[in-house]
Amino acid sequence: MHRFAKFASGWFHRHKEKGNGLSVSLQELMEERKDLNRLHQKTKLVPSDMAGEVRSAFKGRGIEMEEIREYTFGDDVRDIDWRVTARKKTPYTKVYAEEKDREIYVLLDLSPSMVFGTQKELKSVTASKIAALIGWMAQENGDRFGAVIYDGEKLNTFKSQQNRAHLLAVLKKISEIGHKILTNYTQGKSMGAHPLQVMSKLIRSRAAVFIISDFKQFGDSEKKALSALAKKGQIFCINVFDTLETKAPKSGEYMVAEQGKTLVFDTRSKSFCRQYQKVFADKRQYLKTFCQNMGCHYIEVRNNEDILSQLKII
C-alpha cells in the first residue's frame, strides 16, 4: 500500500472510533456559544477602532442619525458632514444609531471537497463550527439569522429569524448533513454558482452574508454570481483549507483516490513540489484579489488551528 493511502486509512479509523474531527454533533455546535466569552474577554483588551472584520458585520451602519460632533481619529470618513465642516473650519462627523435586527446569513458549503482533512479535523467540521459561531453571535446581538446549506446535491434553506429555536434547527440540520456526507462523500458536486444565486434572491439590502467554503470551484459563473451578491449586502468569503493543500507531503510516492479514480504522484521531485505549492498559492491569491475588487472581505481559516484567532474578530 502506498504511504499516503496507509496514512489516510489509519487516520480515518482512529478518528472514527473517537468520533472526533470527522463530523460535528449538535452538542458541539451548541458549545460554540462558549467562544463568545473568549471573544468578549479579548475585545476588552483592544480599542473599538481595532475591531476585526467579522465583528464589523454585527455593527451595521445605522439608518437614523443621532447627532453631529467633531471628528475623532477612527471615525469613518464617509460620515463627515462637509457642510458643517466648512462652516466650523474643522472636521465634523455624523453619528448614527446602531442598526439592530439586521439579517445575518451563512452560506455553508458541505460538498464533497469539504470532506477532507489530515490533522485536527475535516474542513467540513471547521466550516460547521464557524457557521455555529456566527449564528450564536447573531443571536446575542439581536439580529435575524438564516442559512443556506449545500451538501453537494441539494440546498437546505432557512430564512432569517430572530429566535433560539430557529438557530437550533439550523445547527441540527448542519450536524445531520455533516454525518450524512461521510457515507456519501463520493457523490455530489463542489459548490458552484447556484447557491450564490439563491442567496442573492433571499437576502434584503444591508444584509451580511458569510460564505464558508474551500471555493474549489470558482470560475466565470461563480464570479458573476458573487459580484451580483456583493451589490446587495456585506460579503465575507471564508476560505477553509487543509495544510496538505498548501504544501506537498514529505518526499515519497503517494496515491490518492476520488470517485473511483486513482492518481500516483512522487514528491521526491523538487520541481513537482514547487508546482504543487504554486498552484494552491495562486488559487488563494486569485480569490483574495477578486474579493478585494468586489469590496468583499476575504478571510483564510486552516482547519488545524484555532478558529477565533483566524476569523479576525478582534
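Is phenylalanine 210 buried or exposed, and what is the relative accessible area of phenylalanine 210? Phenylalanine 210 is buried, with a relative accessible area of 0%. Buried means under 20% relative accessible area, exposed over 50%, and partly exposed in between (1.4 Å probe, protein chains only).

This is a predicted model, where local features need pLDDT of at least 70, side-chain atom pairs count only at pLDDT 80 or more, and totals for chains, interfaces and linings use all residues. Residues are numbered from 1 along each chain as its sequence is written, and side-chain values use heavy atoms, with hydrogens and water left out.

**Figure 1. Overview of the protein.** Twelve helices and ten strands make up the secondary structure. These are DSSP runs numbered from the N terminus: helices are H or I with at least four residues, strands are E with at least two. Of the 314 residues in the protein, 47% are buried. Contact means heavy atoms within 4.5 Å. Among contacts between residues at least 6 apart in sequence, 74% join residues at least 24 apart. The accessible surface is about 16,600 Å². Carbon and sulfur atoms account for 51% of that surface. Areas come from the Shrake-Rupley method with a 1.4 Å probe; for residues, only the protein chains shown count as cover.

**Figure 2. Packing of helix 8.** Helix 8 spans residues 193-202. Its buried residues are Ala193, Pro195, Leu196, Met199, Ser200 and Leu202. They pack against strand 3 (103-109), strand 4 (144-150), strand 5 (155-161) and strand 6 (207-213). Helix 9 (220-230) is also among the packing partners.

**Figure 3. Surroundings of lysine 123.** Lysine 123 lies in helix 6, residues 123-141. Lysine 123 counts as buried because its relative accessibility is 1%. Its side chain reaches the backbone oxygen of serine 113 at 3.2 Å. Leaving out residues up to four places away in sequence, lysine 123 touches Ser113, Met114, Phe116, Asp214, Val240, Phe241, Asp242, Glu245 and Asn303.

**Figure 4. Surroundings of serine 213.** Serine 213 belongs to strand 6. With 1% relative accessibility, serine 213 counts as buried. Its side chain makes a polar contact with the side chain of aspartate 109, at 2.7 Å. A polar contact is a pair of N or O atoms within 3.5 Å; within protein, one must be able to donate a hydrogen and the other to accept it, and residues adjacent in sequence count only if both atoms are side-chain atoms. Not counting residues up to four places away in sequence, serine 213 touches Asp109, Met114, Met191, Ile238, Asn239 and Val240.

**Figure 5. Aromatic pairs.** Rings of Phe, Tyr and Trp (its six-membered ring) pair if their centres lie within 6.5 Å; planes under 30 degrees apart count as stacked, over 60 as edge-to-face and the rest as tilted. The structure holds nine aromatic pairs. Phenylalanine 210 and phenylalanine 236 form a stacked pair, 4.5 Å centre to centre with 15° between the planes. This pair links distant parts of the chain: phenylalanine 210 sits in strand 6 and phenylalanine 236 in strand 7 (residues 233-241), 26 residues apart. Phenylalanine 236 counts as buried, at 0% relative accessibility. Phenylalanine 265 and phenylalanine 272 are also stacked, at 5.6 Å centre to centre and 25° between the planes. Phenylalanine 265 is buried at 13% relative accessible area, whereas phenylalanine 272 is partly exposed at 29%. Ring pairs also join Phe215, Phe218, Tyr286 and Phe290 into a cluster.

**Figure 6. Valine 264 in strand 9.** Strand 9 covers residues 261-266 and includes valine 264. Valine 264 is partly exposed, with a relative accessible area of 42%. Its C-alpha atom is 7.0 Å from that of glutamate 253, eleven residues apart along the chain.
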